[in-house]
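Below are some notes on the fold, for a colleague who has the coordinates open.

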Amino acid sequence: MKTLFATFCAVLLTIALAYIGYFAYVLHEWEKPLAEFEVKNGGLGDFLVGERKEEILQRLPNWSYSPQPKPAECPQNWITPKEMTDVQHSCLVKSDLWDLSHTNASPCPVRSDEHASLRFEQGRVKTIKVVCTRAK
C-alpha cells in the first residue's frame with residue numbers, strides 16, 4: 001500500500017511539474033517578438049533611409065515622435081511637430097533615436113502590435129526598425 005501511494009505521489013508530482021514547465025514555456029514565448037524588420041535601404045511607408053530630421057519634421061507634421069533616451073528637459077513622451085515648442089524641437093534634433101507612433105505600411109502580421117523607430121547617423125535616417133509583438 002505504501003509503494004502504491006508513493007508511486008501515485010510521484011506520478012502526480014511529475015504531472016504537476018510538467019504543467020508548470022509548459023506554462024513557463026508559453027509565458028516565455030509570449031514575450032518574444034513575432035518578427036523584426038530593419039530597413040537599411042529605400043524606405044518604409046512615409047520614411048526614407050537617408051532623409052534628414054528637419055525634412056521629416058516639415059513633411060510629416062502630424063506624426064508623433066518620441067526621442068530616446070528621454071532627455072530631462074523633454075518630459076512629454078510623444079512630440080507632434082505641428083504643436084511642438086522650441087525645447088521639444090531641440091530634443092528631437094539632438095536625439096539619434098526616435099520611436100514612431102506608427103507606420104502607414106506595417107510589415108507586421110494582423111492582430112499584432114507594431115513598435116517602430118528611426119535611427120539617425122549624422123542627422124540622416126540610417127535604419128528604420130519595426131518590431132512586431134503579440135497584441136495585448
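1. The predicted model contains an open sheet of five strands in the order E1-E7-E6-E5-E4, with antiparallel pairing. Two strands count as paired if DSSP finds at least two bridges between them. Helices (H or I, at least four residues) and strands (E, at least two) are DSSP runs, numbered from the N terminus. At the edges lie strand E1 (35-39) and E4, each of which pairs on one side only. On average, neighbouring strands of this sheet are turned by 20° against each other, direction ignored; the axes are lines fitted to C-alpha atoms, for helices over the stretch in contact, and angles run from 0 to 180 degrees between N-to-C directions.

2. Residues are numbered from 1 along each chain as its sequence is written. As the model is a predicted one, local features need pLDDT of at least 70 and side-chain atom pairs count only at pLDDT 80 or more, while totals for chains, interfaces and linings use all residues, and side-chain values use heavy atoms, with hydrogens and water left out.

3. The E4 and E5 strands run antiparallel and are joined by three bridges. Serine 66 has aspartate 99 in E5 as its bridge partner, and proline 67 has tryptophan 98. Aspartate 99 is also the bridge partner of serine 117 in E6; four bridges join E5 to E6, again antiparallel.

4. E6 and E7 pair in the antiparallel sense over 10 bridges, with aspartate 113 opposite threonine 133 in E7. The two strands form a hairpin with two residues between them, and glutamine 122 in the turn has a positive phi of about 55°.

5. Which residues of helix H3 (residues 86-94) are buried? They are Gln88, Cys91 and Leu92, where buried means under 20% relative accessible area, exposed over 50% and partly exposed in between (1.4 Å probe, protein chains only). Seen down the axis of H3, the buried residues fall within an arc of 95°, so they line one face of the helix; the arc is that of the directions from the helix axis to the C-beta atoms. Asp86 and Lys94, on the other side of H3, are exposed. The buried residues pack against helix H2 (53-59), strand E4 (65-67) and strand E5 (97-100).

6. The largest nonpolar core has 23 residues, and Tyr65, Leu92 and Trp98 are among those with the most contacts inside it. Such a core is a set of buried Ala, Val, Leu, Ile, Met, Phe, Trp, Tyr and Cys residues joined through side-chain atoms within 4.5 Å. Two or more residues each come from H2, H3, E5, strand E6 (112-121) and strand E7 (124-134); E7 gives the largest share, four residues. Leaving aside neighbours within four places in sequence, tyrosine 65 is in contact (heavy atoms within 4.5 Å) with residues including Phe47, Ile56, Leu92 and Trp98.

7. The mean pLDDT, the predictor's confidence in each residue from 0 to 100, is 85 for the protein, and 92% of its residues reach 70 or more. Among the elements, helix H1 (residues 2-31) has the lowest mean pLDDT (72) and H2 the highest (95).
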